[in-house]
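Please walk through this model with the sequence and the structure side by side. The paragraphs below go chain by chain and then turn to the contacts between chains.

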Amino acid sequence: MKLRNPTGSIRRRLVVQLGLIAALLSVAFFLAIRVVAEGAATDTQDNILAASATSIAEAVYSDSGEVRLELPYSAITMLSTVSEDRVFYRVLVDGETLTGYDDLTLPQGRRGPAFGTFEYRGEDLRAVRVTRMLSVQDQPRQVEVVVGQTRLGLSAISSRITTNAVAIGTVFFLVATALSFFAAQNAMQPLDHLAQAVARRGPNDLRPVTAATPTELVPLVGGLNGFMGRLRQALTRSEDLITEAAHRVRTPLATVRTQAEVIHRQMKHPSNKKALREMIRAVDESSRSAGQLLDHAMVTFRSDQLETQSISAADLLRDVVDRLQPTAELKDIQVTLDLPPEPVTVQGDAILLQNAVRNVLDNAIKYSPVDSDIAVRLEADTQCRMAFIDQGRGFGQADLAQLTARFSRGSNVDDVVGSGLGLTIADDVARAHGGALEITSNTEGPGACVTLVLPLS
Amino acid sequence: MRHFGFAAFLSLLAVNANALELEESRNYPAEAASSELRILSTADVEVFEPIILAFQSENPGVAVQYDVASSAQVMRGLYEEGVSYDLALSSAMDLQIKLANDGLAQSYSSPATQRLPDWATWHDQVFAFTQEPTVLVISKAAFQNTPVPHSRSALIELLRTRPETFDGKVGTYDVRVSGAGYLFATQDSRNSENFWQLTEVMGRLNARLYCCSGQMIRDVADGTLAVAYNVLGSYAQSQLADNPGIEIVEMDDYVSVMLRSAVIPVTARSVTESGAMIDFLAGLSTRPDLAAQTGLPPVEKLRPDEAPERRPIRLGPGLLVFLDKMRRETFLRSWTSSMEQR
Amino acid sequence: MRFLLVEDNLKLAKALCDRFALEGHVADHAECLSDAETAIRTVAYDMILLDIMLPDGDGREFLRSHRAKDDPTPVIVLTARSEVSDRVGLLDLGADDYITKPFDFSELQARIRAVMRRLGGVANNAKTYGDVVFDSTTGVLVVAGAAEQLRNREMRLLEVFFAAPGQIFSKSHLMDRLFSFSEEVSENAIEVYVGRLRKKLEPSTVAIETVRGLGYRMVLTP
């Protein structure tokens, strides 16, 4: 029995959510790497720029009232150690350009080295301005040094960092996703075990679930066990009730019937005897109906949850024929059993199949005339076929398909006690086993052939 | 400042509208020329011609205009006057770097340029194609009985101990005039502790100052000079056959290696052809024939253990330092005062 | 034959005992399991008819202990429960057969006979009349040294005659004995079976003769 609308898989939800989290973390991770690394790269460039500018500022000196500068070689080369970036510098004394690129913009800032990024000669420039006071003939002179560098090296570093960050982020994501699969699998394992433990049980196993249960599932399993407990109780109670009811009804019926038989024997007047016979028949009919209704309910119940096992079809037929032989003999009906030499095995519910076969044979005996024959034949080709061929009155003009409908009887059986459920029960059982009940009128001679067809195991 | 050995053949050809002082100019037409490559170069026509012809045989549709000017003129024309050339070839590395650093060069990249060693390119704008060591050129006659110096200290010692032999017979670049000379001198000042000592010694010996390597070599050959310091080895090599009296001495304390480089100016019109020429130049190492004809040693990957004294001058903003107005002033003042002690 | 009927419903028990008496059998009644135990110890019964639901216990327990004691007395269970669910259990516990209440007495008789036949029958149940020997349990008729298996209704009919040779049985009485209540048959149907018996008895000294207006009786022919 499958649930119609499962509301998604917990495992999939877990994986998807963990995957999303991993993706989110990967992106955050990537952004963090970029921000930190680019900050570090910028800081590095700034530091070198500041060092360069400072060393230039330190190289400024005064010579007989003149401010002079011997541009330190290292001040410029330190900027080009890593990258092939363009370098610009400018040295000002009291705002007047002393040397360098006199159109170079001055980054603004109050204290310490002032940094700025701006466009210069067609490219982005990172520049630093360092200020130094120089005393020239007791006059304070302000020396400003600006050193700028294009950012190609930085952007190369940045793109390398980006590539690495993407790679790391992707690897992180993949690893995290794989781990989340694993985690989901792991987390679901107790649930799977529990589900298997429950699914493995037979339909009638209503014992409490004792499989190892994770804490979170304890309420569910508790509920399940409680439910099964109640179900078990309810089933026991209703079984008891049915048993009790059957007992309570059948015993008085038996009493009435037996008393009626006794009285019937002692009566002389034909009309009284006839009335009593009617009564006995009514008793028979009601008890038979009750029995078949119970059988049918049982068949319907068991069909939902088949307890299948391997069954020898020959043994099954022999058993039922043996059981009904005395009934058949009462009417001098010869039941012949025709079994193939090789074993024929079907998969099925033994009780249901026995019930079906008994109902078909019982039906055949019931509707067969005295001194007639019933052939029970087992054949196996691609299917297991159990044929019951009688020499009864057949099914008349009734629609054969209709015969198996509940309470339907042949149109010509008014004088035979029966509830009409026999073939319905057999048909239900056959269908539950993936088979069918075939009803045909005999081609030669009177009677009908009812065949219970079942798949071979 | 007495004797400026200005080139005698210096011809002032005013070809360009911008009144650029060209020393030489030659056209290399092509049959059915589809494009023109105009080169402004510091290398003499005779030196570079084999390369142009070889280039044209590989690129038949390209007519080449080859103009020669001093490196200072090249810089002035491109930097200040904005003259239009498709390619600037110069031995003045510092000026080439300045062109690129200050945004007057175009970027170019190709598989050929990417194969160049790291030290031979800068910023995808400056591409070195030769590595030319500076050497000492001596007159064999003058050194018949004198040990040949192989280091600067040995040279100083020699000049010092034999002033009578060398007075007026020592030549070097006039760094105030020659861009290459300035470059070599500034690199010397960085690399050698006794550069200033050497300058002073040369000043005391009334060193002759030259604008160009060619004249210096000729003067050594004809006996006017006994020693020429900081001569471009490639020139000397090319003159060796014609001037059997000279000898080339490579110092073993260190050798400045100049990189002749190519830059595509922002004013270039035939950028595709410029690129083709740069690729051709970058592949010079595969043409030993051209190296032999021109005497220009192509850029080759250096193995670290090979000639550790050879130091290629590093392409990069460091070269800007000595171009700094004030630094140059200071340097030239010191140099001049050392050179002209009287 | 002597039966022990273990049944707590007194009315049913009474009716069944009466019914057995009508067939010429003796049936003792035990109301509960302990009574039944006592009865078994004192009398040898041909068969026990056992109800399942009894005031002092479950009939199945009795059945189990009965079989454990190796008592060969056959047991037929009278059950008021649904056939399917109990069937296997009852037969496994050692019941020889079972029948669901309410039942047709002739079916009970048929099952008793079937059980007897299966277990080898009641010793010396054969009766002799004239030169005819008839075993009402197996249904074997021996006429002039030739044994013949009678069919069920022939056997039951002959059993009636053999119970009281010479006595006249009315058609109506014979029909009651022969046909079930669910069968709607005419009085002439009895003549078919009488005819068959007559044919089988022909070589013997026994005959069934028609007593006009009264019925039939079994007599010896000279």
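**A guided reading of the model**

In chain C, which has 222 residues, 39% of the residues count as buried. The model is a predicted one, and the secondary structure of this chain comes to eight helices and 13 strands. When contacts in chain C with a separation of 6 or more are considered, 50% of them are accounted for by residues 24 or more positions apart. One backbone feature of chain C deserves a look: the peptide bond that joins C:Lys101 and C:Pro102 is cis, with omega at about -10°. C:Pro102 has its place in the loop between strand E7 (97-100) and helix H5 (105-118) of chain C. As background, most peptide bonds are trans, and most residues other than glycine have a negative phi.

Chain B has 342 residues, of which 48% count as buried, and its secondary structure consists of 13 helices and 14 strands. Among the contacts in chain B with a separation of 6 or more, 81% come from residues 24 or more positions apart. Helix H3 of chain B, residues 93-101, is mostly covered, with eight of its nine residues buried. Those buried in H3(B) are B:Met93, B:Asp94, B:Leu95, B:Gln96, B:Ile97, B:Leu99, B:Ala100 and B:Asn101. Just after H3(B) comes B:Gly103, which takes a positive phi of about 85°. B:Ala32 also has a positive phi, of about 50°, although B:Ala32 is not a glycine. The loop between strand E2 (24-28) and strand E3 (35-41) of chain B is where B:Ala32 has its place. Is B:Ala32 buried or exposed? B:Ala32 counts as exposed, because it has 7 C-beta neighbours inside 10 Å, and a residue is exposed if 12 or fewer such atoms lie within that distance.

Chain A averages a pLDDT of 84, and 91% of its residues score at least 70. Among the elements of this chain, the highest mean pLDDT, 93, belongs to strand E3 (residues 87-93) of chain A, and the lowest, 80, to helix H5 (residues 270-304) of chain A. A helix to follow in detail is H3 of chain A, residues 152-199, whose 48 residues reach 67 Å from the first C-alpha to the last, close to the 70 Å expected at 1.5 Å a residue. Where does H3(A) bend? The bend, of about 40°, is at A:Gln189, and a proline, A:Pro190, follows within four residues.

The buried residues of H3(A) are A:Leu154, A:Ile157, A:Ala165, A:Gly169, A:Ser180 and A:Ala184, and what they pack against is helix H1 (10-58) of chain A. In an α-helix there are 3.6 residues a turn, so residues three or four places apart point the same way. A:Ile161 also lies in helix H3 of chain A. Leaving aside neighbours within four places in sequence, A:Ile161 is in contact with A:Ile33, A:Arg34, A:Ala37 and A:Glu38. The C-alpha atoms of A:Ile161 and A:Val35 are separated by 9.9 Å, although these two residues are 126 residues apart along the chain.

Further along chain A, A:Asp371 has a positive phi, near 65°, in a residue other than glycine. A:Asp371 is found in the loop between helix H7 (350-367) and strand E11 (373-380) of chain A. A:Asp371 has 14 other C-beta atoms within 10 Å and is therefore partly exposed.

The contacts between chains come last. Between chains C and A, 33 residues of chain C are in contact with 37 residues of chain A. On the side of chain C that touches chain A, the elements that give two or more residues are helix H1 (10-22), helix H4 (83-92), H5 and helix H6 (152-163) of chain C. H1(C) gives the most to this side, with seven residues. By class, the side of chain C that touches chain A has 13 nonpolar, eight polar and twelve charged residues.

The contact between chains B and A takes 16 residues from chain B and 16 residues from chain A. Helix H13 (residues 325-339) of chain B supplies four residues, the largest share of the side of chain B that touches chain A. The residues of that side of chain B divide into five nonpolar, six polar and five charged.

Terms used:
Residues numbered from 1 in each chain as written. Chains lettered and ligands numbered in written order. Predicted model: local features only at pLDDT ≥ 70, side-chain atom pairs only at ≥ 80, totals over all residues. pLDDT = per-residue confidence, 0-100. Expected span 1.5 Å × (residues − 1). Bend = angle between axes of the 7 residues up to and from the residue. Buried ≥ 20, exposed ≤ 12 C-beta atoms within 10 Å, placed from the backbone. Contact = placed C-beta atoms within 7 Å. Nonpolar A, V, L, I, M, F, W, Y, C, P; charged D, E, K, R; others polar.
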